[in-house]
Amino acid sequence: MFKNLTLYRIGPGWAPTPDAMEKALDAARFQPCPATQDKSVGWVEPRGEAHGPLVEAIAGQRILKLQIETKSVPGAVVRRKAQEAADHIEATTGRKPGKKETKALREDALLSLLPQAFARQQSLWVWIDPERGWLATDASSQGKVDDLITALVRAFDGLVITLFNTQVTPQTAMTQWLSVTDAEEWPEGLAVERDCELRSSDEEKSVVKFTRHHLFNDEVRRHITEGKLPVRLALNWEGRVGFTLTESMSLKKINFLEGVFEDRPANDDETFDSNVAIGTGELRGVLDALIAALGGELQPGQVPGHEPAPAGEAPAPDATAASADEGAPF
């Protein structure tokens, strides 16, 4: 389900039952694009079973799946067809179409070409953790995030979601972790791996990338001293989950390591359930450790701190928190 992950905080007061969520999503089930429509967004069955439930409630977690279908026609083709229409008007009437009419000709050309365009589909996973008040998605571009947030807010009355912010920014913490000379100074449960990207904030925007490279060295520290700060850093949680942390606190390249999914049942339904239960359980551990390492959640009205919490220190409690492919959830 998640090769990437962006975490959001669900606002207080929103706690629908799975049945209520199902009813809300049913009104926005996915429908393929009609002949002259270039985009369609709707909810599909997470298990991939036609006419199945749109909300899967497993091990206390909720899993949803949004499908986006788009059709596009190359701009050059649209312009060429519109120009043919404009040339015909000029040849038959003796006048050239003005700007407004030219725009209308292009719109007509697009509508006439859309039925011939190939449709492209992309699915986005949504994981809701009611106990912690989290909502997470694997959407990796801002455009897809916007589509997802719009679909969620339209479907669920009273849902308010905001990006999850921490007391210490990921960039500040990553800078400190790369500056230490002893692995004992890493936060509890997390280990720095061998990939990172450093970028300067000056006009040149200089970039240095280390791939499969030992990062405890003077060269990395020198780049940091010169003003190049980490925007991506590969980390490992408890030897169970690998991922790359970004400066915006997105997790990229999530990889469940050997042994995590051993002894799963062979039955498809049971495999789906166990994948969700195990996968969300592991990601809960990753996020708990990461949030703790970043000083805990930043509450509304608080000013961000500047230093990560000491290793092993738990995040401050809050009102809502408690103590592969598109066809498969994990």
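Student: How do the residues of the lining of the second largest pocket divide into nonpolar, polar and charged?

Tutor: The lining of the second largest pocket divides into seven nonpolar, four polar and eight charged residues; here Ala, Val, Leu, Ile, Met, Phe, Trp, Tyr, Cys and Pro count as nonpolar, Asp, Glu, Lys and Arg as charged, and the others, Gly among them, as polar. The model is predicted, and local features need pLDDT of at least 70, side-chain atom pairs count only at pLDDT 80 or more, while totals for chains, interfaces and linings use all residues. Residues are numbered from 1 along each chain as its sequence is written, and side-chain values use heavy atoms, with hydrogens and water left out.

A pocket is defined on a 1 Å grid over the protein atoms alone, as an open set of points where a 1.4 Å probe fits, with protein on both sides within 12 Å along at least five of seven lines; lining residues have an atom within 4 Å of a point. The volume of the second largest pocket is about 380 Å³, taken as the space filled by probe spheres set on the points, with grid points joined across faces, edges and corners. Its lining has 19 residues, and Asp195, Cys196, Ala234, Thr244 and Lys253 are the closest to its centre. At least two lining residues come from each of S8, strand S9 (207-210), S10 and strand S11 (241-246), strands being DSSP runs (E, at least two residues) numbered from the N terminus.

For comparison, the largest pocket holds about 490 Å³ of space. Strand S8 (190-200) and strand S10 (228-237) are among the elements that give two or more residues to the lining of the largest pocket, which divides into 11 nonpolar, 10 polar and five charged residues.

Conventions:
Helices (H or I, at least four residues) and strands (E, at least two) are DSSP runs, numbered from the N terminus.
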